[in-house]
Amino acid sequence: MQKSLWARWQANFLAGLAIVLPGVISIAVMIWLFGTVANITDTLLIFLPRKLTHQNDGTMYWYWSAVALVLAVFLIGVVGLLTRNYIGKRVIEWADSALLRIPLLNKIYGATKQVNDAFSSGNKTAFRTVVLVEYPRPGVYSVGFITSEPNDEILSKTKEKVVCVFVPTTPNPTGGFLVLVPEDQVTKLEMSVADGIKYIISLGAINPEYGTAPRRDLKPIPPSLTAARP
């Protein structure tokens, strides 16, 4: 009986853990994300007295961090508004040019700007297709994302058309490997980028639904075959 009670308690615990764990992880991620962003946005309230915004141990009150976050969102919206008129565009271009003239900072800013431009909404090909590639060795497949086609130098050196595929690590897809794969060796998948990321983060546990061919592509069954069925 003790074994039976322990088995039932263990089953109940695992069932409860399956329900509670996603919520706990979600809350923990939100708290971590808020704290990470707050470390940057808190500096916007530097004009306020420190005694008003900070506790005795030097940490800022959470509600002031929330105010700083709202202020940051407002300022980003103002910057977006400025880009819609001529004067604002000129100011932003001047600031962009000034940042690119600062030693060391220009390397970081320039690289970040290029990555941002590559994945901006105006780029219709970057990070839009989920694919399978044989990586890290033939016969072993990895899920990746096509980012772009390589430049002319790579094409001239490889003597064949290759595509840039980002193969993320799991369960953290922010890291990974960039591999150049011949286009004819890339298998494109029908799943969306969001589904591909979910598949990677979940260690393959969350399988995106794979539908059959669209109804308009299905050929009707001949009447003779239908009649032959039992």
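Okay, ground rules. What we have is a predicted model, with local features needing pLDDT of at least 70, side-chain atom pairs counting only at pLDDT 80 or more, and totals for chains, interfaces and linings using all residues. Numbering runs from 1 along each chain as its sequence is written, and side-chain values use heavy atoms, with hydrogens and water left out.

Let's start with α4, residues 86–100; helices here are DSSP runs of H or I, at least four residues, numbered from the N terminus. From first C-alpha to last, α4 reaches 21 Å, close to the 21 Å expected for its 15 residues, where the expected span is 1.5 Å times one less than the number of residues. At its start, a side-chain oxygen of N85 comes to within 3.3 Å of the backbone nitrogen of I87.

Now the largest pocket, at about 330 Å³. Which elements give two or more residues to its lining? That's α4 and α5 (105–118), and α5 supplies the largest share, five residues. I92, D96, Y109, K113 and N116 lie nearest the pocket centre, out of 11 lining residues.

Last stop: G196, in helix α7 (residues 193–201). Buried or exposed? G196 is buried, at a relative accessible area of 0%; the cut-off for buried is under 20% with a 1.4 Å probe, protein chains only. Leaving aside neighbours within four places in sequence, G196 is in contact with F145 and M191, contact being heavy atoms within 4.5 Å. P208 sits 12 residues from G196 in sequence, and their C-alphas are 7.9 Å apart.

Terms used
Polar contact = N/O pair within 3.5 Å; in protein donor to acceptor, adjacent residues only side chain to side chain. 1 Å grid on protein atoms, 1.4 Å probe; cavity = no way out; pocket = protein on both sides within 12 Å on 5 of 7 lines; lining within 4 Å. Points joined across faces, edges and corners; volume = space filled by probe spheres on them. Buried < 20%, exposed > 50% of the residue type's maximum accessible area, 1.4 Å probe, protein only.
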